[in-house]
Amino acid sequence: MDLKLDHHGKDGIEIVDVEGEIDVYTAPRLRELLIELVNNRFYQLVVNMEKVEFLDSTGLGVLVGGLKRVRAHDGSLDLVCTQERILKIFRITGLTKVFGIHDTVDEAIAARRAEK
Amino acid sequence: MATVELSFTALPAHVRTARLVATAVARRSGVDESLLDEVRLAVGEACSRAVEGHQLYCPAEPVRLSLTDLAGRFEVEVTDTCAPFARSPGGAGAVAARPGADPAGSPPGAGARVPAGLGIAVIEGLADEVQISETAAGTSIRMSWPSAGGSR
């Protein structure tokens with residue numbers, strides 16, 4: 001399956017919905033979207049990965065790049081993911097300590113609000 | 001002789017095909033269902049790494065993948081042929097031939113990337129056994145998982 005991307009605002013946070021496979025072929029599109037959002041001054045991001053079927057290290061690189069960009073503006077990039085197959089790659093690479101990973105979008109928003 | 005051999009043009013779009021083929025052959029070879037996601041991800045990482053290296057050094061050369069159903073093991077080997085091109089005058093150096101190195105570095109337009117070698121780290125975290133070797137042609141990544149075997 002190819003990659004489908006969408007985004008919408010919720011409670012002042014931009015939610016990025018990702019569906020499909022994030023790999024060496026499709027990751028550039030996600031990268032472009034994250035860059036576009038930051039360029040449009042969206043610095044509080046939640047990437048909803050509940051419909052992601054595959055994620056490799058190229059995809060991880062894009063997410064780390066996005067995090068780096070929003071942090072340059074004192075922003076945040078949290079993830080929503082409950083799928084074990086996706087969480088496993090975050091664990092292997094130690095990135096569970098870098099990203100806030102939540103079970104639902106609402107939980108991610110609430111956690112972000114609590115930190116403010 | 002490998003159960004299935006695949007050779008593909010070094011384009012990112014074909015990495016998904018390689019993943020699908022590897023997963024299908026692994027399933028047929030009797031690799032446990034719980035390990036198939038690991039096979040899929042590890043093969044994808046190895047192929048992505050090879051494709052990025054080929055795109056930098058030798059885009060006309062195909063990436064090779066062999067899938068072998070041995071007795072009780074399912075073995076995958078991904079081979080790149082970057083080394084002679086990386087070492088050639090005007091090449092970007094011999095980085096691609098170093099085991100554990102990411103030959104791609106940061107391709108044009110890649111933006112912020114994960115640290116070099118993360119793909120290898122992921123492979124090592126996923127495969128039951130991993131052997132990375134350097135040949136005159138390039139780098140070979142050999143990975144294997146336990147299988148029921150006997151389905152060639």
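User: How many salt bridges are there between chain B and chain A?

Analyst: The count between chain B and chain A is six salt bridges. A salt bridge here is a side-chain nitrogen of Lys or Arg within 4 Å of a carboxyl oxygen of Asp or Glu. Before we go on, this is a predicted model: local features need pLDDT of at least 70, side-chain atom pairs count only at pLDDT 80 or more, and totals for chains, interfaces and linings use all residues. Residues are numbered from 1 along each chain as its sequence is written, chains are lettered from A and ligands numbered from 1 in the order in which they are written, and side-chain values use heavy atoms, with hydrogens and water left out.

User: And what's the count over all chains?

Analyst: By that rule it comes to 18 salt bridges over all chains.

User: Why do such side chains pair up at all?

Analyst: Side chains of opposite charge can pair when their charged atoms come close.

User: Which residue of chain A forms a salt bridge with Glu38(B)?

Analyst: That's Lys88(A), and the closest N and O atoms are 2.2 Å apart. Lys88(A) lies in helix α3 of chain A and Glu38(B) in helix α2 of chain B, so the pair joins two chains. Helices (H or I, at least four residues) and strands (E, at least two) are DSSP runs, numbered from the N terminus.

User: Is Glu38(B) buried or exposed?

Analyst: Glu38(B) is buried, at a relative accessible area of 13%, while Lys88(A) is partly exposed at 29%. Buried means under 20% relative accessible area, exposed over 50%, and partly exposed in between (1.4 Å probe, protein chains only).

User: How much area do chain B and chain A bury between them?

Analyst: About 1,900 Å², with 57% of it on carbon and sulfur atoms. Buried area is the accessible area (1.4 Å probe) that two parts lose on being put together, summed over both. The contact (heavy atoms within 4.5 Å) takes 24 residues from chain B and 21 from chain A.

User: New topic: what does Arg112(A) form a salt bridge with?

Analyst: Its partner is Asp78(A), and the closest N and O atoms are 2.8 Å apart. This pair links distant parts of the chain, 34 residues apart: Arg112(A) is in helix α4 of chain A and Asp78(A) in strand β4 of chain A. Arg112(A) is buried at 14%, and Asp78(A) is buried at 4%.

User: Which residues does His102(A) touch?

Analyst: Leaving out residues up to four places away in sequence, His102(A) touches several, including Asp78(A), Cys81(A) and Glu107(A). His102(A) sits in strand β5 of chain A and counts as buried at 11% relative accessibility.

User: Last one: how much space lies in the second largest pocket?

Analyst: About 180 Å³. Of the 14 residues that line the second largest pocket, the closest to its centre are Arg85(A), Ile86(A), Asp37(B), Glu38(B) and Leu41(B). On a 1 Å grid over the protein atoms alone, a pocket is an open set of points where a 1.4 Å probe fits, with protein on both sides within 12 Å along at least five of seven lines, and lining residues have an atom within 4 Å of a point. The volume is the space filled by probe spheres set on the points, which are joined across faces, edges and corners.

User: Which element gives the largest share of the lining of that second largest pocket?

Analyst: α3(A) does, with five residues.
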